[in-house]
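Trainee: I'm new to this one. Where do we start?

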Amino acid sequence: MSLLENLREIAEEIGPGVVADRRDIHQYPELGFSEQRTAALVAARLHDLGLDVRTGVGGTGVVGLLRGGKAGKTVLLRADMDALPIDEANDTPYRSQFPGLMHACGHDAHTAMLLGVAWVFAHSREQIPGTVKFVFQPAEEGGGGAQRMIADGVLDDPPVDAAFGMHVDTERYVGQAALRSGPAMASSDRFTIIIHGKGGHAASPHRTVDPIVVGAHLITALQTIVAREISPNEPAVITVGSLLSGTTNNVIPDSAVLTGTVRAYHADVRGTMQRRIGELARGIARAMRASAEVDYRVGYPVLVNDPQAVGLVKAALGKLLGSDAVIDREAVMGAEDFAFILQKVPGAMIHLWVRDRAWERPRPVHTATFDLAEDALPVGVAAMAATALEFLES
Ligand SMILES: [Zn+2]
Ligand SMILES: [Zn+2]
């Protein structure tokens with residue numbers, strides 16, 4: 001039997017080890033660019049497997065290189081390692097030991113699964129027709145760890161021919177995977193607007209310039225960019241996530257600070273929103289005797305899955321899980337910094353369903369009660385390994 005045909009069985013055998021790694025990492029979550037403990041665990045595992053290991057790539061990133069027994073192409077497999085500033089509400093034996101920090105996006109599972117794939121390939125090295133680059137990146141949650149790793153040469157020496165990543169998804173039950181051909185996840189930018197007014201006694205508003213009222217008008221006006229200026233056929237989101245101003249009920253403050261996020265699928269839509277947020281902020285502030293400072297930060301690009309790579313993943317996962325287990329994923333307004341890697345090399349982001357069959361409702365990522373069905377982990381290991389093999393053999 002070929003390695004591909006044995007993958008499910010091998011992944012099930014090493015499943016308990018993958019679950020143990022996931023629980024270990026889950027208990028000690030670390031924020032972006034602070035993943036010292038996680039990176040050390042990853043590097044130790046990769047060393048033990050006999051891979052060439054580079055640490056400190058793009059901050060706390062780790063890269064393991066496995067040269068197969070036969071010459072061939074190079075495939076990059078990526079996991080992210082960072083956690084979120086959330087206080088875990090679950091009461092499991094492996095709950096977070098760090099108050100205020102939690103692996104609430106499943107990056108603990110991504111890291112453990114990729115270590116599982118490294119184990120599988122290291123134990124069948126002579127059958128691997130090419131090179132596998134295992135990439136464990138820091139700071140996916142807004143820090144752009146992938147971009148830092150690219151700047152640090154993660155795509156060079158040897159050059160990478162294709163890249164695949166995996167993310168858990170909590171909507172559907174374990175046993176399935178999904179991906180989308182072409183643009184699949186949105187671009188993501190952030191903005192901060194400081195409205196400068198003139199504070200004073202709340203009983204004498206005519207002697208002040210109230211930045212809260214200016215902010216209220218601005219928030220309403222920002223809604224009209226998507227509703228009135230962007231084509232209804234184009235996905236676009238502007239969300240004001242915070243408005244901070246004032247200290248008490250009877251004082252008009254000097255300033256107000258708004259922050260928000262901007263999501264899009266097309267460069268012109270993205271550009272329009274950037275330009276119009278600035279124009280509205282400055283224009284409304286000026287019209288109301290205030291002034292506005294706008295700081296707009298361009299973030300992650302649109303994530304585009306290569307159609308050929310998607311076809312290859314579907315073929316590999318079809319053989320592994322059955323063709324009805326691989327479904328087309330809808331386009332979402334979430335963002336992923338794996339998009340930076342897919343800008344440079346063809347590849348795809350695979351979404352692995354992880355909802356436990358016993359859970360009436362999903363337990364979504366980025367919440368304090370997020371969790372996943374651990375029997376999804378061997379499925380993920382086999383799926384990543386099958387994808388890499390399918391590519392190297394193509
Ligand atoms: Zn996340
Ligand atoms: Zn994530």
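Trainee: Is Arg289 buried or exposed?
Mentor: Arg289 is exposed, and its relative accessible area is 60%. Buried means under 20%, exposed over 50% and partly exposed in between, using a 1.4 Å probe and protein chains only.
Trainee: What kind of model is this?
Mentor: A predicted one: local features need pLDDT of at least 70, side-chain atom pairs count only at pLDDT 80 or more, and totals for chains, interfaces and linings use all residues. Residues are numbered from 1 along each chain as its sequence is written, chains are lettered from A and ligands numbered from 1 in the order written, and side-chain values use heavy atoms, without hydrogens and water.
Trainee: Back to Arg289. Where is Arg289 found?
Mentor: In the loop between α6 and β13. Helices (H or I, at least four residues) and strands (E, at least two) are DSSP runs, numbered from the N terminus.
Trainee: What about phi of Arg289?
Mentor: Phi is near 70° there. That is a positive value in a residue other than glycine.
Trainee: What is phi of His366?
Mentor: His366 also has a positive phi, near 65°, and is not a glycine. His366 sits in the loop between β16 (347-355) and α9. With a relative accessible area of 41%, His366 is partly exposed.
Trainee: Okay, Met288. Where is that?
Mentor: Met288 is in the loop between α6 (267-287) and β13 (291-300). At 25% relative accessible area, Met288 is partly exposed.
Trainee: What does Met288 touch?
Mentor: Setting aside residues up to four places away in sequence, Met288 touches Val209, Val213, Val214 and His217. A contact means heavy atoms within 4.5 Å. Take Val214: it is 74 residues from Met288 along the chain, yet their C-alpha atoms are separated by 6.7 Å.
Trainee: New topic, the metal. Which residues coordinate the zinc ion (ligand 2)?
Mentor: Cys105 through SG, His107 through NE2 and His167 through NE2. The distances run from 2.1 to 2.4 Å. Donors are N, O and S atoms within 2.8 Å of the metal (3.2 Å for Na, K and Ca), and sites may look incomplete as water is not among the atoms.
Trainee: How are those donor residues spaced in sequence?
Mentor: The pattern is C-x1-H-x59-H.
Trainee: What does Cys105 bridge?
Mentor: Cys105 bridges the zinc ion (ligand 2) and the zinc ion (ligand 1). The two ions lie 3.1 Å apart.
Trainee: Which parts of the chain do Cys105 and His167 tie together?
Mentor: Cys105 is in the loop between β3 (70-80) and α3 (107-122), while His167 is in strand β5 (residues 162-173), so the pair ties together parts that are 62 residues apart in sequence.
Trainee: Is Cys105 buried or exposed?
Mentor: Cys105 is buried, at 6% relative accessible area. His167 is buried too, at 9%.
Trainee: Another histidine, His26. Where is His26 found?
Mentor: In helix α1. His26 is buried, with a relative accessible area of 0%. Beyond four places in sequence, His26 touches Glu88, Tyr94, Arg95, Ser96, His103 and Asp108.
Trainee: How do α1 and α2 pack?
Mentor: Helix α1 (residues 3-27) and helix α2 (residues 36-48) pack at about 155°, with axes 10 Å apart. Axes are lines fitted to C-alpha atoms, for helices over the stretch in contact, with angles from 0 to 180 degrees between N-to-C directions.
Trainee: Are α1 and α2 roughly parallel or antiparallel?
Mentor: Roughly antiparallel. Angles under 35 degrees count as roughly parallel, over 145 as roughly antiparallel, 65 to 115 as roughly perpendicular and the rest as oblique. Asp21, Asp24 and Ile25 in α1 meet Arg37, Thr38, Leu41 and Arg45 in α2.
Trainee: At what angle do α7 and α9 cross?
Mentor: Roughly 130°, and the axes of helix α7 (residues 307-321) and α9 come within 9 Å. The two are therefore oblique to each other. Residues of α7 including Leu312, Ala316 and Leu320 meet residues of α9, among them Val379, Ala383 and Phe391.
Trainee: Next, the core. How many residues are in the largest nonpolar core?
Mentor: It has 77, and Leu7, Leu77, Phe121, Phe134, Phe136 and Phe164 have the most contacts inside it. A nonpolar core is a set of buried Ala, Val, Leu, Ile, Met, Phe, Trp, Tyr and Cys residues joined through side-chain atoms within 4.5 Å. Helix α9 (residues 376-393) gives this core its largest share, 13 residues.
Trainee: What is Leu77 in contact with?
Mentor: Apart from neighbours within four places in sequence, the contacts of Leu77 include Leu114, Val132, Phe134, Phe164 and Met384. There is also a second, separate core of 26 residues, including Val262 and Ile277.
Trainee: Last one. Which residues does the cis peptide bond join?
Mentor: Asp157 and Pro158, with omega about -5°. Pro158 is in the loop between α4 (145-151) and β5.
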